Amino acid sequence: MKLIRMFSTYNYKGQRNYLNTQKRYEILRTILYFAISISLFVAGWIHTGSRENLLTVVAVFGCLPACKSTVDMIMFLRFKGCSAEDADCIEAHNETLEGMFDVVFTSYDKNFNLHHVTVRGNTLCGYTKSDKFDEQAFYKHLDSMLKKDNFKDTTIKVFTNIRKYTERLEQMKALPEEQAITEGIIATIKNISL
């Protein structure tokens with residue numbers, strides 16, 4: 001029953017607590033995949049008395065999705081989501097803006113963990129608690145990804161101070177909506193993040 005309750009409130013990409021929900025999902029899925037492969041191997045061994053049988057082959061092939069799931073699980077376990085206090089503060093200032101929680105961008109060189117991202121037209125602001133966040137590398141990565149989807153001249157700024165971020169959210173409310181651009185940038189962000 002507890003397991004059902006744990007997944008009855010699944011959070012989709014961009015929703016509050018997405019990373020925490022996804023971590024639980026990936027752990028459970030990985031355990032299930034390996035349990036299936038191990039049970040097939042053991043059933044074949046018990047039934048034939050030898051490891052050399054068809055179920056062993058099926059079990060080995062079953063390890064492929066289990067290993068992929070392990071990699072996904074490790075990726076999600078590396079990152080922390082937005083704290084409840086910060087999320088409450090952001091939600092208080094983000095009523096009319098389009099925003100996403102727990103966004104993790106991956107690139108060939110680095111990974112970028114943003115606790116929240118807000119988009120209004122061609123303006124994008126993000127918040128992270130990490131003092132080691134490489135802003136220049138992030139700007140370069142995200143700008144190149146947005147340009148591939150024909151979003152040019154996008155203003156990108158990342159804040160590490162929650163007060164300054166919420167002040168910027170209040171300023172963004174005065175910007176023109178440009179709903180089509182906002183939705184397009186959010187769709188791009190969802191496609192290129194974990």
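1. Terms for exposure come before the rest. A residue is buried at under 20% relative accessible area, exposed at over 50%, and partly exposed in between (1.4 Å probe, protein chains only). By that scale E91, at 38% relative accessibility, counts as partly exposed.

2. A word on the basis. This is a predicted model, where local features need pLDDT of at least 70, side-chain atom pairs count only at pLDDT 80 or more, and totals for chains, interfaces and linings use all residues. Residues are numbered from 1 along each chain as its sequence is written, and side-chain values use heavy atoms, with hydrogens and water left out.

3. Strand β3 covers residues 123-127. Helices (H or I, at least four residues) and strands (E, at least two) are DSSP runs, numbered from the N terminus. Five of the five residues in β3 are buried. T123, C125 and Y127 lie on one side, L124 and G126 on the other, and both faces are covered.

4. Which strands pair with β3? Strand β2 (residues 111-120) runs antiparallel to β3, joined by five bridges. Strand β4 (residues 155-159) runs parallel to β3, also through five bridges. Strands pair if DSSP finds at least two bridges between them. T118 stands opposite C125 in β3. T123 stands opposite T155 in β4.

5. The connections deserve a look. The hairpin of β2 and β3 has two residues between the strands, and G121 there takes a positive phi near 65 degrees. From β3 the chain passes through helix α5 (residues 135-148) to β4, a right-handed β-α-β crossover. Right-handed means that, with the strands pointing away from the viewer, the path from the first strand over the helix to the second runs clockwise.

6. Salt bridges come next. The criterion is a side-chain nitrogen of Lys or Arg within 4 Å of a carboxyl oxygen of Asp or Glu. The whole structure has twelve. R16 and E91 form one of them, at 2.8 Å, N to O. This pair links distant parts of the chain: R16 sits in the loop between α1 (2-8) and α2 (18-48), E91 in helix α4 (residues 84-93), 75 residues apart. R16 is partly exposed, at 23% relative accessibility.

7. Other pairs lie within a helix. K147 and D143 meet at 3.1 Å, N to O. They are four residues apart in α5, so about one helical turn separates them. E167 and R163 form a salt bridge, with the closest N and O atoms 2.7 Å apart. They too are four residues apart, in helix α6 (residues 162-172). Salt bridges with shared partners also join E26, R29, K68 and D72 into one network.
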